[in-house]
Structure formats: structure tokens, C-alpha cells
Protein chains: 2
Amino acid sequence: MPSAADTPSPPSVDALSGIQSYVARTLQRVQDRLEAQTASDLPPVQRLVRHVERYRGKMVRPTLAAIWGLAARPDAPSLNLERHDAPENLVIVAAVCEMVHLATLVHDDVLDEADTRRRTATVNRLHGNETAVILGDYLLSSAYHLCCQTGSTAAALAIGEVGMTLCAGELLQLHHREDFSLDEPTYFEIIDRKTASLIAVACRLGAAAAGCDDPAMAARADAFGRMLGVAFQIQDDLLDLTGAEATVGKSVGKDVEKGKLTLPLIHHLAAAPAARRGETLALLADTALPAIQRTAQLREAMSLTGSIDHARSVAAGLVSRARDQLTDLPDSPARSTLALMADAVVTRSF
Amino acid sequence: MPSAADTPSPPSVDALSGIQSYVARTLQRVQDRLEAQTASDLPPVQRLVRHVERYRGKMVRPTLAAIWGLAARPDAPSLNLERHDAPENLVIVAAVCEMVHLATLVHDDVLDEADTRRRTATVNRLHGNETAVILGDYLLSSAYHLCCQTGSTAAALAIGEVGMTLCAGELLQLHHREDFSLDEPTYFEIIDRKTASLIAVACRLGAAAAGCDDPAMAARADAFGRMLGVAFQIQDDLLDLTGAEATVGKSVGKDVEKGKLTLPLIHHLAAAPAARRGETLALLADTALPAIQRTAQLREAMSLTGSIDHARSVAAGLVSRARDQLTDLPDSPARSTLALMADAVVTRSF
């Protein structure tokens with residue numbers, strides 16, 4: 001456990017404005033690079049690519065890459081962030097991580113038969129599943145093409161590997177759909193691969209692109225991103241069960257509808273007495289009842305076994321362990337910002 | 001035009017057996033490398049990957065890469081092919097081209113709602129569209145991961161670029177579905193990107209992996225593969241219109257069913273008198289009539305404008321231009337085999 005002295009201190013207003021300026025300038029370059037890389041000389045392809053830009057959200061992965069590219073530097077405490085520019089290789093790996101993420105969103109929308117994303121009609125709704133499948137492939141190929149442009153194969157190998165990892169995680173999840181005997185280790189295996197692996201690689205490649213070739217630093221960045229990613233997914237699953245649609249900003253109760261077991265439900269099924277367990281299983285199988293009603297009844301059942309609190313405490317524990325990875329970093333505004341971002345993962349309600 | 005003396009001579013029986021031995025050994029290594037690369041520690045993923053191996057057909061792309069890796073060498077005439085082994089980088093790029101091709105097959109089957117491929121149930125039929133989409137992504141990511149393992153970024157960049165190119169070609173084709181005003185330049189744009197580009201890159205990277213860094217040789221290999229690829233697609237389209245299902249080995253009349261205009265039909269619509277053109281358009285739009293019947297009537301209409309012969313002669317012209325690319329190569333069994341393969345593209349009936 002870190003001592004109080006090791007705990008990152010909250011950044012000052014000045015430091016925060018420096019970080020904000022650096023992140024905003026870096027994300028603008030990431031966006032420019034992404035647009036240039038995905039551009040097509042064929043107008044129908046170009047229109048599709050431009051449409052997908054509307055899916056862009058908080059750009060969590062590029063932001064983490066950008067900040068790790070500061071925090072890992074020995075000179076992090078003394079950098080003038082109003083003027084410091086991220087190296088081009090950092091911009092490239094940040095854009096690549098975002099492009100891989102965008103490709104998975106386009107394909108997820110086909111899988112989920114989703115009509116809207118971020119208040120925009122999905123590609124599958126506007127142009128059909130065929131176009132959405134191939135557009136996702138185009139984005140994935142663009143990402144791989146871009147990540148060969150750092151001048152070394154290290155980043156490209158890492159991205160190829162993480163692409164395989166996240167698809168394997170998604171395939172494992174599909175394999176366990178409607179599997180009400182799913183256990184916690186398998187659940188963690190799934191979200192570690194499908195969500196946490198890409199966030200981990202964004203942090204790690206961000207640090208590496210800033211010139212940090214210390215393996216211990218790479219391991220810290222990776223572990224920070226991985227634990228944050230798992231916590232992030234648990235929080236996402238919690239919001240799907242407990243959130244209000246208006247606050248979350250997307251439909252809730254989707255996991256129950258898709259037959260996806262998440263941490264609170266897995267805990268509940270393991271902890272509930274046999275009779276109660278039977279009732280919950282019957283409720284999960286009762287597809288005639290709308291998912292929103294089933295979700296409400298499940299919430300009630302789970303409160304009896306403390307399963308929501310269990311999932312919240314697992315996520316909080318992961319965030320705390322992610323913060324532990326920061327203790328050996330030089331004390332800098334970047335380090336403080338990473339700590340704040342970690343906390344925000346479990347306090348967010350959207 | 002090449003003089004008679006420049007035309008590759010048919011290979012002797014001995015030379016042919018040497019080439020066959022070399023190709024068989026190389027393809028075995030390609031297959032081993034492909035299996036090792038796509039292997040997963042997750043049993044459900046591993047089962048899916050093993051299933052897709054049954055889709056493997058003639059392995060046209062790895063075969064072309066392997067033979068170009070001989071034909072481009074200055075010492076090609078004197079190599080002992082019973083003993084000569086392809087360099088490992090050639091095996092890698094050949095496997096990568098096959099994996100990209102396999103990924104497109106898995107996604108094509110989702111697009112076409114196909115139930116069988118090579119007498120095997122498709123992944124979408126067995127496990128649903130979701131699993132097929134993500135499995136295709138897994139294969140694509142595996143291909144990109146493997147192509148970073150040649151030790152240089154050149155091959156990886158070429159594969160990333162060709163991945164974007166072939167997706168863009170497919171998107172352009174989807175955009176023009178049911179577009180009965182599609183013209184020849186756009187048709188060629190589509191098949192150049194979606195089919196010929198990957199075959200061209202297989203030839204080019206095969207030559208490069210054998211140590212040929214002469215840009216003129218790379219250009220010849222690329223042009224050979226590109227013209228062969230376009231001819232191959234025209235022949236495929238012809239077989240869909242004129243072939244017998246039992247000979248072709250897959251369902252015919254699919255293009256009409258999917259609203260895909262191909263070369264003979266484009267020529268017919270441009271060449272037919274207005275009244276005849278109107279009848280053909282009405283026939284294409286009459287989706288109530290089974291595709292197989294519409295295809296039969298279209299064949300009749302096209303015979304009036306000589307459109308089948310036109311497409312055949314375009315394909316034959318491309319094959320002849322592909323063969324022209326071989327004239328400056330050293331006279332070797334590999335060069336003769338490339339010439340035979342080119343001829344086979346337009347003489348095949350399957």
C-alpha cells in the first residue's frame with residue numbers, strides 16, 4: 001500500500017490548465033491523423049468514414065496514451081505543458097487505438113442490431129449490415145496500416161496482438177451467451193480481453209512513444225490501464241443494471257436482453273439460497289417479459305445478496321490498485337491527472 | 001508484343017515435378033504457420049479457427065507468392081527445386097495473404113447469408129452472424145500480427161494498404177448494388193480493388209521475400225497478379241452466369257439475385273437497342289421471378305449482343321498482357337509455370 005506521502009496530490013489550477021491544453025492539442029492532432037489515414041478517394045467510402053466520426057466520444061484511449069506519454073518521463077515535473085508537444089509516434093499510436101475502438105463499435109452495432117449511437121443513426125441502420133461489416137474491416141485495416149508508420153514494428157506487433165485478444169474475448173462472451181452458470185473467473189477473462197487489453201496497450205504504447213523504454217515503466221502503464229479497463233467495464237455493467245436511461249445516455253437493460261451475465265448477477269446466483277436462485281434463473285429465462293421489467297426485478301433480488309455492493313467494491317478495489325501503479329512515477333501534474341481519471345471511472349453515472 | 005522466342009516454353013516433366021515438390025513443401029509450411037498464428041488458448045475460439053480451415057481451397061495466393069519467389073531470382077534457371085526451400089519471410093507473406101482472404105470469405109458469407117462453403121456449413125449458419133463477424137476480425141488481426149514478423153515494416157505496410165483497398169472496393173460494389181447504370185470503368189475499379197489488389201500483392205511480396213529488391217521486378221510481379229486477378233474475377237462472373245452448378249461447385253445466378261451487375265451484363269445494357277435494353281432492365285427488376293430463371297433469360301438476351309464473347313475476350317486479353325510481364329524474366333520452370341497458371345484462369349470451368 002502506498003504511504004500518504006506517495007499518494008498523488010491534487011493538481012493545482014495552473015497545472016490542470018497546462019494538462020488540458022496539452023491534451024486538447026494532442027487530441028486535435030490524433031483526430032487529424034485519423035481523418036487523413038481513413039480518407040478515401042472513392043466518394044461513397046469517404047462519406048461512410050466521415051459518418052463514423054460522429055461516434056467519437058470522450059476519446060478515453062488517446063487521452064490515456066497522451067497523459068502516460070507525459071507521466072512516464074523523468075522530466076515530467078518540469079515540462080512546460082502549455083508548449084510541450086507530444087511526439088508524432090505518440091499521436092500515431094493514440095490514433096490507432098481509437099481506430100481499433102471505432103471499428104469494434106461499428107461491428108458491435110451490427111451484433112446488437114443497434115439503431116443509434118451517440119444520437120446518430122448507425123451505419124447498419126442507414127446502409128445495412130453488409131456495409132457496416134465491411135466498413136469495420138476498412139477501419140481495422142486502416143488502423144494496422146497506420147501503426148506500421150512509427151518506424152519500428154514494436155507498436156504494430158502490440159496492436160496486432162491486442163486485436164486478436166479483444167476478438168477472442170468477444171468470441172468467448174458470445175460462446176457464453178445464455179449461459180447462466182458463467183463463473184467469475186470466466187467473466188474476468190472475458191472483460192480483461194475484450195475491454196481492458198486495448199486500454200492497457202494505449203497506456204503502454206503512450207509511455208513507450210514518449211521514449212520510455214524502461215520495462216518496469218511499461219509494466220506499470222499496462223497494469224494501470226488493465227485494472228482501469230476492468231473497473232470501467234464493471235461500472236458499465238452496473239449502469240446497465242441500475243442506471244437511468246436519461247443519465248446513462250444509452251438504453252439500459254441490454255445485457256439481460258442479450259443473455260449476458262455480468263458481475264452482480266454472477267455474484268447473486270452464487271450467493272443466493274437455492275430457492276431464490278431458482279426464481280432468478282426463471283426470471284432470466286422468461287424472455288416474454290420485457291427486459292426493462294426483468295432488470296427491475298433482478299435489481300430487487302440482487303439487493304438481498306448484496307451483489308450490487310459487491311460489484312461496486314470490486315471496481316473500487318481495482319481503481320485503488322491502478323492508483324498504486326503511480327506511486328513510483330515522478331510527482332507531476334500528469335501523474336495527478338491519471339489518479340483523478342482512475343477515480344472518475346467508478347464515480348461516473350454516465 | 002513478345003516474339004515467339006520470348007514466349008515461355010512449356011516445362012519438361014522433370015522441371016514440373018521439381019516445381020510441384022517445391023510448391024507442396026512451401027504450402028505445407030504456409031499452412032503450419034497459419035495454424036500456429038491463429039491458434040487460441042481459449043477452446044471455443046480454437047474450435048472456430050479450426051472450422052475455418054475447411055474453407056481452404058486451391059491456395060491461389062500463397063501458390064503465386066511461392067512461384068514468384070522463384071521466378072524473380074536471377075538463379076531461377078539453375079535452382080534444384082527438389083531441395084530448394086522458400087525463405088521464411090516468403091512463407092510469412094504467403095500465409096498472411098491467405099489469412100486476409102479467409103477473413104474476407106468469413107465476412108462474405110455473412111453478407112451473402114450463405115449456408116455452405118466448400119461443402120462445409122458456414123460459421124454464420126452454425127454459430128450466428130455475430131460470431132462470424134468477430135471471427136473474421138480475429139483472422140484479420142492475426143494476419144496483421146503475423147505480417148509484422150518479417151523484421152521489416154515494408155510487407156506490413158503493403159498488407160495494411162491492400163486491406164484498405166479491398167474493403168473500399170467491396171464498399172463501392174455495395175454502393176452500386178441494384179444500380180443498373182453501372183459502367184465499365186466503375187466495374188473495373190471495383191474488381192481491381194476487391195479481387196486483383198490482393199493477388200497483385202501476393203506476387204509482389206513473394207518476389208520481394210526472395211530477395212528481389214529490383215523495383216522493375218516488383219512492378220512486373222504486381223502487374224502480372226493484377227491482370228490475372230481481374231481476368232479471374234471476370235471468369236468468376238461468367239461462370240455465375242453461364243456455368244452449371246455441378247461443375248462450378250457453388251450456386252450460380254447469385255449475382256443477379258444480389259443485384260450485382262457484371263461485365264457481360266454491363267456490355268449488354270450498353271450495346272442493346274433501346275427496346276431490348278428496356279426488357280432486360282424489367283427482367284433484372286423482376287425479383288418475383290427466381291434468380292435462376294432470370295439468369296437463363298439474361299443469357300439468351302446477352303447472346304444477341306455478343307456480350308458473353310465480349311467478356312471472354314476481355315479476360316483473354318488480360319491473360320495475354322499478364323504473360324507479357326514474364327518476357328524479361330530468366331527462362332526457368334517457375335516462369336513457365338506462371339504462364340500456365342495465367343492460361344488456366346480463362347480455361348477453367350470451376
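User: Where does A:Thr120 lie in chain A?

Analyst: A:Thr120 lies in strand β2, residues 120–121. Strands are DSSP runs of E with at least two residues, helices are runs of H or I with at least four, and both are numbered from the N terminus. This is a predicted model: local features need pLDDT of at least 70, side-chain atom pairs count only at pLDDT 80 or more, and totals for chains, interfaces and linings use all residues. Residues are numbered from 1 along each chain as its sequence is written, while chains are lettered from A and ligands numbered from 1 in the order in which they are written.

User: Why is A:Thr120 called partly exposed?

Analyst: Count its C-beta neighbours inside 10 Å: there are 14. Buried needs 20 or more other C-beta atoms within 10 Å, exposed means 12 or fewer, and partly exposed is in between, with C-beta atoms placed from the backbone. So A:Thr120 is partly exposed.

User: Which residues does A:Thr120 touch, not counting residues up to four places away in sequence?

Analyst: A:Arg54 and A:Tyr55. Contact means that the C-beta atoms, placed from the backbone, lie within 7 Å.

User: What makes the relation of chains A and B that of a two-fold axis?

Analyst: Chain A can be laid on chain B by a turn of 180 degrees and a shift of 0.0 Å along the axis, with an RMSD of 0.0 Å. Therefore the relation is that of a two-fold axis. Copies are superposed by least squares on the C-alpha atoms of residues with pLDDT of at least 70 in both.

User: How many residues does the contact take from each chain?

Analyst: It takes 35 residues from chain A and 35 residues from chain B. On the side of chain A that touches chain B, α6(A) gives the largest share, 14 residues.

How values were computed
Contact = placed C-beta atoms within 7 Å.
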